[in-house]
Amino acid sequence: MTPQTQIDPNVFSVLKEIRYRTSRSRGPGGQHVNKTESRVELCWDTATSACFTADQLNRIKRKLKTHIHENGMFVMACEAHRSQRKNKETVTAKFLEMIRKALIKPKKRIPTHTPMNVIRKRKEEKQKASLRKQSRKADKTNKTDTP
């Protein structure tokens with residue numbers, strides 16, 4: 001594994017800080033939906049989390065800002081399955097994957113110079129295009145002179 005794709009052990013320790021809420025789902029299930037709470041909502045308080053460093057928390061907050069409310073609560077829900085257990089597994093897996101991706105530091109781009117060969121070729125192509133257009137202008141002036 002490269003250093004950028006290593007899994008931080010803190011990602012799994014955050015599972016201790018997660019709270020789950022259940023409610024009635026809008027998804028599949030027919031009459032069963034009306035009497036069971038199969039929708040699962042994952043809640044994680046980023047403000048009181050002790051699993052990550054300040055830098056890591058800032059990165060998570062910046063990358064996942066659409067899921068974090070004003071009070072610092074990360075909220076994510078799943079109601080894709082009829083089973084509460086499957087919805088809980090799905091939302092937890094999605095949450096861990098999002099945290100993993102947010103913690104990956106992007107590789108710093110090293111600016112490079114354009115090779116001289118590429119610059120020369122581009123200028124030659126521009127020159128050819130210019131000559132082609134100039135020859136068209138010359139052809140138009142010759143055609144208008146003759147009746």
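How many helices and strands are there in the chain? The chain holds five helices and three strands, where helices (H or I, at least four residues) and strands (E, at least two) are DSSP runs numbered from the N terminus. This is a predicted model, in which local features need pLDDT of at least 70 and side-chain atom pairs count only at pLDDT 80 or more, while totals for chains, interfaces and linings use all residues. Residues are numbered from 1 along each chain as its sequence is written, and side-chain values use heavy atoms, with hydrogens and water left out.

**The chain as a whole**

- Read from the N terminus on, the elements follow one another as α-β-α-β-α-β-α-α.
- Of the 147 residues in the chain, 26% count as buried; buried means under 20% relative accessible area, exposed means over 50%, and partly exposed lies in between (1.4 Å probe, protein chains only).
- The chain exposes about 11300 Å², of which carbon and sulfur atoms supply 53%; accessible areas come from the Shrake-Rupley method with a 1.4 Å probe, and for residues only the protein chains shown count as cover.
- Among contacts between residues at least 6 apart in sequence, 66% join residues at least 24 apart, a contact being heavy atoms within 4.5 Å.

- The three strands form an open sheet in the order 1-2-3, with antiparallel pairing; two strands pair if DSSP finds at least two bridges between them.
- Strand 1 (19–23) and strand 3 (73–78) stand at the edges and have a single partner strand each, so one side of each is left without a neighbour in the sheet.
- Neighbouring strands of this sheet are turned by 20 degrees against each other on average, direction ignored; the axes are lines fitted to C-alpha atoms, for helices over the stretch in contact, and angles run from 0 to 180 degrees between N-to-C directions.
- Strand 1 and strand 2 are joined in the antiparallel sense by five bridges, and the bridge partner of Y20 in strand 2 is L42.
- Strand 2 (residues 39–45) and strand 3 run antiparallel and are joined by six bridges; L42 stands opposite M76 in strand 3, while D45 has M73 in strand 3 as its bridge partner.
- Strand 2 is mostly covered, given that five of its seven residues are buried.

**Helix 4 and F95**

- At 1.5 Å a residue, the 20 residues of helix 4 (residues 84–103) should span 28 Å, and the end C-alpha atoms of this helix are 29 Å apart, which agrees; the expected span is 1.5 Å times one less than the number of residues in the helix.
- The buried residues of helix 4 include N87, V91, T92, F95, L96, M98, I99, A102 and L103.
- Seen down the axis of helix 4, its buried residues fall within an arc of 160 degrees, so they line one face of the helix; the arc is that of the directions from the helix axis to the C-beta atoms.
- The face of helix 4 turned away from this buried side carries the exposed residues R85 and K101.
- F95, whose place is in helix 4, is buried with a relative accessible area of 0%.
- Leaving aside its neighbours within four places in sequence, F95 is in contact with V14, I18, L42, W44, F74 and M76.
- F95 and F74 lie 21 residues apart along the chain, and their C-alpha atoms are separated by 9.6 Å.

**Helix 3**

- In helix 3, the buried residues are Q56, L57, R59 and I60.
- Exposed residues A54 and R62 are carried on the face of helix 3 that is turned away from its buried side.

**Two loop residues**

- N71 is found in the loop between helix 3 (54–63) and strand 3, and at 55% relative accessibility N71 counts as exposed.
- Although N71 and A47 are 24 residues apart in sequence, they are 8.1 Å apart in space, C-alpha to C-alpha.
- S83 has its place in the loop between strand 3 and helix 4, and at 24% relative accessibility S83 counts as partly exposed.
- S83 and S38, which are 45 residues apart in sequence, are 5.7 Å apart in space, again from C-alpha to C-alpha.
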